[in-house]
Amino acid sequence: MNRIFGSKPSGPKPTLSGAITNIDTRIASIDTKLKALNGELSAYQEKLSKLREGPGKQAIKQKALKVLQRRKAYEAEKEKLEGQVWNMEQASSMQDNLKNVMTQVDAMKTTKKELQKQYGKIDIDKIEQLQDEMADLMDVGNEIQESLARSYDIPDEVDEAELDAELEALGMEQELEMEMGGAVPGFLQDEVLPEFVDEPPQTEDKVKEAAG
């Protein structure tokens, strides 16, 4: 049976990149042949430009026509191969995109499993309780800061009406002192004697007069 149908091919399966490489090699070979044919045509063209009409010129034209036919055949084959390469490159691009999509899907699945494991360990009620306790501690901290920042014997606010009254009183006091500028200061005036003292104390001069 193997002699009739052939044996099953062994070895690695062909890939698009390998097929593209093979076709590119064939296209490069055709380019080399086309370059040689173009050189022959140029040589024939130069000869024909120097010959007159006659059998010799007709023979060279026939040769040039055969070269031209071969060049057209190679150009048609090259065009077909380039079309095949283009199609395979598009298929390879789609294959790469599909691989990228599958990689992203696998990564998303793995991430989903990890997130489920992590979130499964979290107790929402404990988090809310922790938030409430933190809020209470913040309130206590604010109260402590306010208590430490409290001023001593200094009113927090000043009443403008009270301030105006104080300023007016100070002005009246200054005017009164100016009016009484010639009077004896209060601390130099005679002291008021207590009720149990009959006479004021004698000065040093009066004591000397009494002794003399």
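Are α2 and α3 roughly parallel or roughly antiparallel to each other? I started with that one, bearing in mind that this is a predicted model, where local features need pLDDT of at least 70, side-chain atom pairs count only at pLDDT 80 or more, and totals for chains, interfaces and linings use all residues. Residues are numbered from 1 along each chain as its sequence is written, and side-chain values use heavy atoms, with hydrogens and water left out.

**Helix pair.** I looked up helix α2 (residues 16-50) and helix α3 (residues 55-120): they pack at about 160°, axes 8 Å apart. Helices here are DSSP runs of H or I, at least four residues, numbered from the N terminus. Axes are fitted to C-alpha atoms over the stretch in contact, and angles between N-to-C directions run from 0 to 180 degrees. So α2 and α3 are roughly antiparallel (angles over 145 degrees count as that).

**Salt bridges.** I got 3 of them, taking a Lys or Arg side-chain nitrogen within 4 Å of an Asp or Glu carboxyl oxygen. In one, E77 pairs with R26, closest N and O atoms 3.5 Å apart. E77 sits in α3 and R26 in α2, so this pair ties together parts 51 residues apart in sequence.

Conventions:
Helix = DSSP H or I, 4+ residues; strand = E, 2+ residues; numbered from the N terminus. Parallel < 35°, antiparallel > 145°, perpendicular 65-115°, else oblique.
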